[in-house]
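Dear colleague,

I am handing over the structure that we talked about, with some notes on what was found in it. Please have it open while you read.

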Amino acid sequence: MHARSGRTVRDLRRENRTAVLRRLYFDGPASRLTLGPETGLSSGSVSNVVAELIAEGLVEEAGSVDSAGGRPRTLLRVTPDSGFMIGVDIGETRIRIELFDLALTELARTERALASTGPRTGRYDVDLVVAHLRDGIAEVLRAADVPAARLLGVGVGVPGIVDHCDDGVGAVVHGQTIGWDTVPLERLLREAVDLPATVPYRIDNGAKTLGQAEMWFGAGRGARSAVVVLFGSGVGACSVTDPMEPGRALEWGHLTVRVRGRRCRCGSQGCLEAYAGAEALLERWREAGGRPPAGADEETALTAMLTAAHPDDPGTAPDITALAVLEETAEYLGAGFADLVNLFQPERILVGGWAGLQLGDRFLRSVIRYAGEYALRYPASRTSIGLGTLGPEAVTVGAALLPLADFFARGGRGPEPMPSAPAPAWRAALQDRV
């Protein structure tokens, strides 16, 4: 049966379920009476949808509130343990895997360090990464004693461009800075990870998953538009124009800021990332005479640089070299922010990622000053710039939200069957490597 708009009755029921689930999830417990005006549904539709969702275990009663002159009203909420999501952050220094319930309570986590297979190339072995995910996903499920069949999906944030294919191969990653050329990551995970075939994988750019998390639950909440910047070993960004819809990943780090400038790890010259990513920042400090701790990872080395520039002991003189490199980096980033302001005119620009959060407010104030100098005055006056509020795990949280968003869009129904395709002839079975 079709409705007059061309949508089927099944479509309308799914949309009604989606409206109720989203309202309960994002705005807390609500009564049946308030759900009507807040979702635009009739009282009869609300009653039918709520009855279905309670019967399926997706919604539960959560206390009551007094009403004016009548019986107390029963409050409803999404049942936290009615489903689970795994979020994965394939960063450039480590892989983080976390298991969440529907309330985004972390139930288990594991991390795996990553190392480049060559100096400055960032070329990470695909099989090794897949093996880490295989073992890590099994580990968090086992630690929380959650059956794999109850997973709503696995969300994965990656560095690079993600192409979503409809031929059964699934998500393909083009990660030029880490040496991944057309890597069929979804196919490889399905071959390697011991999960039911019905469990969906949602793979997307890490800056995009960061943007999803900050817009839903962090510093972007309430904004109509934003650009969320991921500042780690490299830099990336995500432009969001509808808070409830996924944003658009931007390869902002490969915007040219200096013609014939420093060589970027993408192979080009003069990219913003060649000056402002944490890897490049530390390299420029070293070239200028700075002394990062020998053998330290990037996070430890960046901490040492910040301590050298701004020593905790008032009697210790700051490292002038570190200060100069940080100030130059702030100017490059400020110019990059100005480009974001002029191009997208967002309501907010939010800075996340481990390096962005570690550099913090003091560094950001310099970036904001330079952005004001380079941006057009009118859009700059309407854009606020600040730090994200969800911490360094925001990419993982955002990755977990990818299958959750799909689940809500389906009205709380299970995923559609995945298309099948023959395995590529060039790919042998994944060998066990840790």
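Does Asp-319 count as buried, partly exposed or exposed, and why? Asp-319 counts as partly exposed because its relative accessibility is 24%, where buried means under 20% relative accessible area, exposed over 50%, and partly exposed in between, with a 1.4 Å probe and protein chains only.

Before going on, please note that this is a predicted model, in which local features need pLDDT of at least 70 and side-chain atom pairs count only at pLDDT 80 or more, while totals for chains, interfaces and linings use all residues. Residues are numbered from 1 along each chain as its sequence is written, and side-chain values use heavy atoms, with hydrogens and water left out.

Asp-319 lies in the loop between helix H9 (298-309) and helix H10 (320-344); helices here are DSSP runs of H or I with at least four residues, and strands are runs of E with at least two, numbered from the N terminus. Leaving aside neighbours within four places in sequence, Asp-319 is in contact (heavy atoms within 4.5 Å) with Trp-285, Ala-308 and Ala-309. A polar atom of the Asp-319 side chain lies 2.9 Å from the backbone nitrogen of Thr-321.

Elsewhere, 5 strands form an open sheet with mixed pairing, in the order E6-E5-E4-E7-E11, where two strands pair if DSSP finds at least two bridges between them. The edge strands, each pairing on one side only, are E6 (106-113) and E11 (201-205). Within the sheet, E4 (residues 84-90) and E5 (residues 94-101) pair in the antiparallel sense over 7 bridges, and Met-85 stands opposite Phe-100 in E5.

Definitions and conventions: Polar contact = N/O pair within 3.5 Å; in protein donor to acceptor, adjacent residues only side chain to side chain.
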